[in-house]
Amino acid sequence: MQTEARVGVVVEGAQRGLSSGNGSLSMEKISQQQKQMLQNQSQIGTMSQLFAGGVAGALSKTCTAPLARLTILFQVQGMHSDAATLRKASILREASRIVHEEGFRAFWKGNLVTIAHRLPYSSVNFYAYEQYKKLLHILPGLQNEGENMSADLFVHFVGGGLAGITAASATYPLDLVRTRLAAQTNVIYYRGICHALQTICREEGVLGLYKGLGATLLGVGPSIAISFSVYETLRSFWQSQRPNDSTILVSLACGSLSGIASSTATFPLDLVRRRKQLEGAGGRARVYTTGLFGTFKHIIQTEGFCGLYRGILPEYYKVVPGVGICFMTYETLKMLLADISAGL
């Protein structure tokens, strides 16, 4: 809307100049120029959103990569370990094992594919969210943003859910490869992104790249929906109560709280997703043949209800700074790019 307003001011000024001058340009030509300017500004806005979203996601994932790897290793322990070993597991013990057996750099194992996945994923996620919000506001009763809190919450929740499903579907093979690379310990089966993609296609078929997609979409949709709706609601409330607070700090705090809310609500689905992604990986991991709900049942029977939240502690340690950094970076880059765009 601000972009269109700026273009409108420019065109209005041009029209006034023509009415007082010789009128060498026709109104039709002005209309064409207006359309071209709107198109150029729209393209700038799209690229800015994609760039801001991609950088925000890549930066937050790199900063929290050690905790992300610990979360994945805890989530998949039940596929390789017995009950006695699981009871002895702790964050400090696992972190010490990684440093001793694999070296400190191993905390970032799979981070390259994480960035390769997160750049397009976050770009599509944030951009799709903005577009879905615009589409949802067209619906009857949802046009007046900010005036109806329940309508705003509906838009943020549904828009976030649809954006998450769109982004996850578009980039899923890279997510699966990231999980398998991060889950490797001292036995290296996949030597990199390209080797992993080739090996999976050869041994499991092309559909093997989409193993666990159902559990992913079932978890990602609600997770992103909760994350965006909690973030937007908290930020709006905060800014209404304390309008002079730093936008960056508000985004960081609200993003962290939204990450805690979404992770708590959807962590069991994320755990099942990770295990489904590792089915048959390297011929070593357990294969669950009972489907999504059968996998839930098996985990509860063998590991107890708490098994569904195995790895939730490092997940909390990760999402508090991770989601906060992501939203903060996105909002900061949007402001910077808007200023640069306005100055051109």
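Figure 1. Leaving aside neighbours within four places in sequence, T266 touches G219, P222 and S223, where contact means heavy atoms within 4.5 Å. T266 belongs to helix α10, which covers residues 247–277; helices (H or I, at least four residues) and strands (E, at least two) are DSSP runs, numbered from the N terminus. With a relative accessibility of 9%, T266 counts as buried, a class defined as under 20% relative accessible area, whereas exposed means over 50% and partly exposed lies in between (1.4 Å probe, protein chains only). The side chain of T266 also reaches the backbone oxygen of S262 at 2.7 Å; a polar contact is a pair of N or O atoms within 3.5 Å, where, within protein, one must be able to donate a hydrogen and the other to accept it, and residues adjacent in sequence count only if both atoms are side-chain atoms.

The model shown in these views is predicted, so that local features need pLDDT of at least 70 and side-chain atom pairs count only at pLDDT 80 or more, while totals for chains, interfaces and linings use all residues. Residues are numbered from 1 along each chain as its sequence is written, and side-chain values use heavy atoms, with hydrogens and water left out.

**Figure 2. The protein chain as a whole.** The chain has 12 helices and zero strands, and buried residues make up 45% of its 344 residues. Among contacts between residues at least 6 apart in sequence, 78% join residues at least 24 apart.

Figure 3. Y121 is found in helix α6 and, at 7% relative accessibility, is buried. Apart from neighbours within four places in sequence, Y121 is in contact with G164, A167, A168, T171, V220 and I224. The C-alpha atoms of Y121 and G57 are 7.9 Å apart, although 64 residues separate the two along the chain.

Figure 4. V99, F104 and W108 together form a nonpolar patch on the surface, with about 290 Å² of accessible area. Patches are made of residues with over 30% relative accessible area and no salt bridge, like charges being joined within 9 Å and nonpolar side chains (Val, Leu, Ile, Met, Phe, Trp, Tyr) within 5 Å; accessible areas come from the Shrake-Rupley method with a 1.4 Å probe, and for residues only the protein chains shown count as cover. F104 lies in the loop between α5 (91–102) and α6 (111–136), and its relative accessibility of 54% makes it exposed.

**Figure 5. Salt bridges, including R235 with E331.** A search of the whole structure finds 14 salt bridges, each being a side-chain nitrogen of Lys or Arg within 4 Å of a carboxyl oxygen of Asp or Glu. In one of them the side chains of R235 and E331 meet at 2.8 Å, N to O, and this pair links distant parts of the chain, with R235 in helix α9 (residues 213–241) and E331 in helix α12 (residues 312–343), 96 residues apart. R235 and E331 are both buried, and they belong to a network of salt bridges that links E130, K133, E232, R235, E331 and K334. E303 and R310, likewise both buried, meet in a salt bridge at 3.2 Å, N to O. D245 forms a salt bridge with R242, the closest N and O atoms being 2.7 Å apart, and D245 is partly exposed, at 24% relative accessible area.
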